[in-house]
Amino acid sequence: MSNDKGKRAAGYKAAELIQPGMQVGLGTGSTAYYFIEKLIQRCKEGLKISGIATSKKSSDQAKAGGIPLIDPSELGILDIDIDGADEIDVKMQMIKGGGGALFREKIIANAAKEMIVVVDESKLVKRLGKHPLPIEISSFGTPSILKKLENLGVKGILRKNSSELYKTDNGNYILDANLENYSGDLKQLDYKILAVPGVIESGFFWNLAKKVIIGYEEGHAELKDNL
Ligand code: 5RP
């Protein structure tokens, strides 16, 4: 079970790691929300940084709180990226994209010298795949893309927003793929998924997290560089 106190503790602890002058990746989701909330508070107290958001939602939050934002057309190397995860295993491999922001999240995580992941305890898993794997796919020719994925054994449901199909900030769809019973090598599968024309990005985040902050229900959080 996710817990709000743990998420807040993790997000707030991450905000303490931000140093003056840093260029910061701002994640998406309820845990990243708390990170941005605390960062806004620190900026109001005089911290000077700039950020780039992984979603429109986080961008709106940061903008409203007065965090100066980097234009995506000027994205270079970031000092740090703080983001949440849907699952993280003992090797810090992750599934992300529960909030639909995986495409921008992956670009920003790759642009950062260091990615620190903020989670509550419920996100720690032995093997990835209990949480559906979000795959961002083109809204052009969707049935054909789904068929190709199905041939790889990747099936799921197209995410919906009430009765409408959910659209990402980039105007694409999300397939939430069920890999719970997939017993093969997930990294190999990911190469095949990414090779399907029309697949924009998958929610597997390999070798990106350098550290993780785990927030606990009692309201404290721990920074770890291995799990
Ligand atoms: C959004 C994400 C989020 O980081 C992930 O879904 C975790 O969200 P939360 O902190 O709300 O549990 O990948 O695309």
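Let me begin with Thr31, which, once residues up to four places away in sequence are set aside, touches Lys7, Ala10, Gly11, Val118 and Val119. Please keep in mind throughout that this is a predicted model. Thr31 sits in helix H2, which covers residues 30-44, and at 4% relative accessibility Thr31 counts as buried. If we look from Thr31 to Ile82, the two are 51 residues apart in sequence, and their C-alpha atoms are 9.8 Å apart in space.

Thr31 also brings us to the ligand, which has 17 residues around it, and of these Ser30, Thr31, Asp86, Gly97 and Lys123 come nearest. The ligand, taken alone, exposes 380 Å², and the protein buries 92% of that.

Lys123, which I named among the nearest residues, lies in the loop between E6 and E7 and is buried, with a relative accessible area of 11%. From Lys123 to Phe204 the separation is 81 residues in sequence and 14 Å in space, C-alpha to C-alpha. Leu124 lies in that loop as well, between strand E6 (115-120) and strand E7 (133-137), but at 35% relative accessibility Leu124 counts as partly exposed.

Let me now move to the charged pairs. As a reminder, side chains of opposite charge can pair when their charged atoms come close. How many salt bridges does the structure hold? There are 10 salt bridges, and I will walk through some of them.

In the pair formed by Arg8 and Asp4, the closest N and O atoms are 4.0 Å apart. Because Arg8 and Asp4 are four residues apart in helix H1 (residues 4-16), about one helical turn separates them. Arg8 is partly exposed at 32% relative accessibility, and Asp4 is likewise partly exposed, with a relative accessible area of 40%.

Glu180 forms a salt bridge with Lys130, and here the closest N and O atoms are 3.4 Å apart. This pair links distant parts of the chain, since Glu180 is in the loop between strand E11 (173-177) and helix H6 (186-194), whereas Lys130 is in the loop between E6 and E7, 50 residues apart. Glu180 counts as partly exposed at 44% relative accessibility, whereas Lys130, at 62%, counts as exposed.

Asp176 and Arg159 meet through their side chains in a salt bridge of 2.9 Å, N to O. Asp176 lies in strand E11 and Arg159 in the loop between strand E8 (156-158) and strand E9 (160-161), so the pair ties together parts that are 17 residues apart in sequence. Are these two residues buried or exposed? Both Asp176 and Arg159 are buried.

Methods. Residues are numbered from 1 along each chain as its sequence is written. This is a predicted model: local features need pLDDT of at least 70, side-chain atom pairs count only at pLDDT 80 or more; totals for chains, interfaces and linings use all residues. Side-chain values use heavy atoms; hydrogens and water are left out. Helices (H or I, at least four residues) and strands (E, at least two) are DSSP runs, numbered from the N terminus. Buried means under 20% relative accessible area, exposed over 50%, partly exposed in between (1.4 Å probe, protein chains only). A residue is near a molecule or strand if one of its heavy atoms lies within 4 Å of it. Accessible areas come from the Shrake-Rupley method with a 1.4 Å probe; for residues, only the protein chains shown count as cover. Contact means heavy atoms within 4.5 Å.
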